[in-house]
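Subject: Structure handover

Hello,

Here is the structure I promised to pass on. My notes follow below it.

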Amino acid sequence: MNYYEEAMGMKEELIHQRRDFHAHPETAWTEFRTTSIIATELEKLGYEVKMGSEVLDDSARMLVPDEKTLKQCAQRAIKEGANPVLVDRMKGGMTGCVGIMHFAKPGKTVALRFDIDSLFVAEDPAPSHRPSALGFQSCHPGLMHACGHDGHATIGLAVARLVAAHKDRMAGTLKICFQPGEEGVVGAKSMVQSGIVDDVDYFISGHIGLGDYNDGSLVCMTKGFLATDKLDAEFSGVPSHAGAEPEKGKNALLAAAQAAISLHTISRHSGGSSRINVGVLEAGTGRNVVPANGLIKFETRGETAEINDFMAKEAKRMCRAAAMLYDVDVKITPRGSATSSNSSREMGEEIYSLVEPLNVYQHVVKEQKVSGSEDCCYFMSRVQEHGGQAVYMLYGTKEAAGHHQSDFDFNEDVLPRTAATIAMLVEHFGNKEE
């Protein structure tokens, strides 16, 4: 029996697993239940499971919820079936885990990455939305797996299962990284800075959808992810009565508004594409009060890390200049980041040559350019900097709606097909000769 036949035999179990994850979404650094389920399954399969500070650099984590929220989410996870012992190992929101298996035959070190977090999206309750119609919609109000990470976690566990069942075919070492906090690009940097992929020869990750290809398609490598920084600028001034003593006030609203406009005047970069966007501006308390506080939430992006660094540096300068202009203070806080990266062409072409002749996909695409940002680029860049190769694939599937929408859903046929492909690639690259 080959991997595809075996994976199809697991299809109903994978669907059940995906729907369980879908019904219990957890956002960045609160993935206690999700991680507990994954870690428990990995241990049953014979993997060494690393968690907490073993796989996360705490100093690199961003947007970690406050202690009260973390405690509430941990208690919720235990109530919903998480192992209390494993939850305790995730104190402080140190969620996510890595499963490691060393095989008897010497070979290469292969790493896989699957993101596991959900979004702050309220799920569509309409009967036309399949999760709502079939009863596996989110049971956590305001949270939803609206980007397919429930499917990614399921695929990762399916790969772990297929590989463990065929250890005799494998060589070298496999590391399966289940990463917290991809949404908002706040998690990968922390996991990468732990050093967990520094010895990796071949790295594979990917995403459900994100392309023009529907069911039965595979994109073997991608390029074009933009580096990005997510930033908050908080302006602090002095309040005063706008009618009686306006001269005693220092207007933080005007400083924030000035910064919001000025940010969009930053020069474009000759080295490639660049982006900037102010998405939120909040300020003021009343029409007759000189505003003492102002907040803007914005992001920069660049075709390369260098271009994004230029945009971010200029953006910070603009915010400080606006604060100086209105004689107020400003605090700039990072809220997420990702670097840029492209797939290793040699590895991507090799995957294409392996998959295309198998006739398990209707459409095998060698390469596609993507837009937006992905913190998986931290993994890819780290592996490539240490002499390894990395690819980011796209797993084609029909979607009910676009990513991050309240009625997002996907064709679950993608689960076994993708798991089988990745298991095959683990065998191939682990056994690869120099």
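Does serine 381 count as buried or exposed? Serine 381 has 13% relative accessibility, so it counts as buried (under 20% relative accessible area, with exposed over 50% and partly exposed in between; 1.4 Å probe, protein chains only).

Some ground rules. This is a predicted model, where local features need pLDDT of at least 70, side-chain atom pairs count only at pLDDT 80 or more, and totals for chains, interfaces and linings use all residues. Residues are numbered from 1 along each chain as its sequence is written, and side-chain values use heavy atoms, leaving out hydrogens and water.

Serine 381 sits in helix 12 (helices are DSSP runs of H or I with at least four residues, strands runs of E with at least two, numbered from the N terminus). Leaving aside residues up to four places away in sequence, serine 381 touches Thr339, Ser340 and Ser341 (contact means heavy atoms within 4.5 Å).

Eight strands form an open sheet in the order 1-2-4-3-5-16-6-14, with mixed pairing (two strands pair if DSSP finds at least two bridges between them). Strand 1 (48-51) and strand 14 (363-365) are the edges. Each has a single partner strand, so one side of each lacks a neighbour in the sheet. Strand 3 (residues 105-115) and strand 4 (residues 171-179) run parallel, joined by eight bridges. Valine 110 is opposite leucine 174 in strand 4.

Helix 12 packs on this sheet. Helix 12 touches strand 3, strand 4, strand 5 and strand 16, and its direction makes about 150° with that of strand 16 (axes are lines fitted to C-alpha atoms, for helices over the stretch in contact; angles run from 0 to 180 degrees between N-to-C directions).

Next, the rings. There are five aromatic pairs (rings of Phe, Tyr and Trp, the last by its six-membered ring, with centres within 6.5 Å; planes under 30 degrees apart are stacked, over 60 edge-to-face, the rest tilted). One of them is phenylalanine 203 with phenylalanine 379, stacked at 5.5 Å centre to centre and 10° between the planes. Phenylalanine 203 lies in strand 5 (residues 202-208) and phenylalanine 379 in helix 12 (residues 376-385), so the pair ties together parts 176 residues apart in sequence. Both phenylalanine 203 and phenylalanine 379 are buried.

Last, helix 7 (residues 149-165). Of its 17 residues, 15 are buried, so helix 7 is largely enclosed by the rest of the structure.

Best wishes

Methods
The expected span of a helix is 1.5 Å times one less than its number of residues.
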